[in-house]
Amino acid sequence: MDSLERGVSFNPDNLSLLLLKAAIFNELGDMEGVEKTYYDIIALQPENAEFGYELATLLIKSGKVERAEAVYRKMVEDFPEDLDVKYKLVLLVEQHSGAEPAKKIVESFISSNPEEGVFPLWLADIYVRHNEQDLAIETLNQLIGTDPEEKIELKARNTLAGILFNKGDVEAAENLVNMVLEKNINDNEAIFLRAAIVLSRKDYRQAIADLRMIPDESPTALKAAKLEAEAQLLEGQPNLAIEILDEIMKKKPDDLGVKIRLSQVYEQTGNGKQAQKMLEEITTSSPHYVEGWVNLARIAQENGGQAEVEAVLTAAVEKKPEDETPYILLARLMMEAGRIDDAIGVLAQAEAIMPSAIKAPVLRADAMIKLDRIDEAIAIYENVLMRDSTIDLVANNLAQILADSKSDDDVAMERARTLVQRFINSENPQYLDTLGWVYFRSGDLVKAESVLAKALSLQTEPDADIRSHYGTVLMAAGREDEAKEYLPSDK
């Protein structure tokens, strides 16, 4: 390294020496040296964006995301016409800081260049990825009809078609796809969407034919191959599905989702040993990938017993993954076995690792209720609502437990009434049940009967709690004969 440093000092403008120096720093794990050297390279060739991309990539791989973000932001300033660097900045910020900061960046791009139609597409994509479908639809509809060259409009129609298809509006999605294909018969995204539509109609052969029209070099090819594997399975050709998934794995060996799917197909075709072997490889090489553990636990349940499942889930939890799923599954297993305190301990681990968790504290509160530790359950719910007061499930559960156990406490019942006000216009029978029950426990029989009657009418399947609550209200109103129809026979 000393000889190289001397060489650089004598030839500070020698690009090859500087690149060699950066490579050696990278091998040594000296990211400060890498960063400093790359900035020297960028200063030497400021017109070449390639070196900024290389530096950002190395910083991301080393976990220095904020430094990579700074590199991209500087590149956005230096290369204002480079859409690629703008897009990389948006994706990086979305991945590591969330949707809102990413939206603000895209909105700033739109503000500075409102004529560039690709920016609203990026914004719509963010909306889609974060389940803000209505905002995505609104944004895309604004784009349609605005692009004289039609490129942006065709992309907008494809994205909108995908959203509508996922929402179940197949006819509207198909109309959009057909419009795109009328303009460009070789639009691979539209062909993919057409295949998905015909697959939903169980026309498996036509779906496969469409998917095979998409060339291997297309950006759409990977998801087309995945969908073809599913179509082959539905067509009764599991061996072809395995061949397709194998080919994807050769091209994308790091795609753990494909490995999981392949293991599932092996299991479905009776090759459980191969499935288990693949899952064990996944959990060994990628221990924080929760889907590997979940599928391994499922195989253990089918082939073994509770002890085997618990062993798999315990091993998963020991890896301290930042995903609630294995903690929840293990806790439920323990609760079913009557080991409530053990379950509470597992859920507490999840909450310690993921302070923003929702499912773990909700299940822990349920466990507390089973142990008749009502005040502790209430405290858990209140703590979650303190973090986010908009979570209807938690508000419902808290109001229910207050109405059930604190009906003589005026302060507690006032809190319950405040919590359930959000459900007045709800179409959810469980939430309406809680609203009606709070009315009843507050002494308002008229409102209680009206709300609970609505809850009954909205049931898709009979709910014993709603029926019992309605029967109790009718009994309290002196309508004993009607009440008997809804109350359990032992009451």
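This is a predicted model: local features need pLDDT of at least 70, side-chain atom pairs count only at pLDDT 80 or more; totals for chains, interfaces and linings use all residues.
The expected span of a helix is taken as 1.5 Å times one less than its number of residues.

**View 1. Helix H22 and its span.** Helix H22 comprises 12 residues, 359-370. Asp-372, which follows H22, has a positive phi, near 60 degrees.

**View 2. Buried residues of H22 and their cover.** The buried residues in H22 are Ala-360, Pro-361, Val-362, Leu-363, Arg-364, Ala-365, Ala-367 and Met-368. Their cover includes helix H20 (325-336) and helix H21 (340-353), as well as helix H23 (374-387) and helix H24 (392-405). In an α-helix there are 3.6 residues a turn, so residues three or four places apart point the same way.

View 3. The secondary structure of the chain consists of 29 helices and zero strands. Along the principal axes, the C-alpha atoms fill a box of roughly 100 × 60 × 55 Å. Of the 491 residues of the protein chain, 44% count as buried. Among contacts with a separation of 6 or more, 42% are made by residues 24 or more positions apart.

View 4. The protein chain exposes about 26200 Å², of which carbon and sulfur atoms supply 49%.

Notes:
Residues are numbered from 1 along each chain as its sequence is written. Side-chain values use heavy atoms; hydrogens and water are left out. Helices (H or I, at least four residues) and strands (E, at least two) are DSSP runs, numbered from the N terminus. Buried means under 20% relative accessible area, exposed over 50%, partly exposed in between (1.4 Å probe, protein chains only). Contact means heavy atoms within 4.5 Å. Accessible areas come from the Shrake-Rupley method with a 1.4 Å probe; for residues, only the protein chains shown count as cover.
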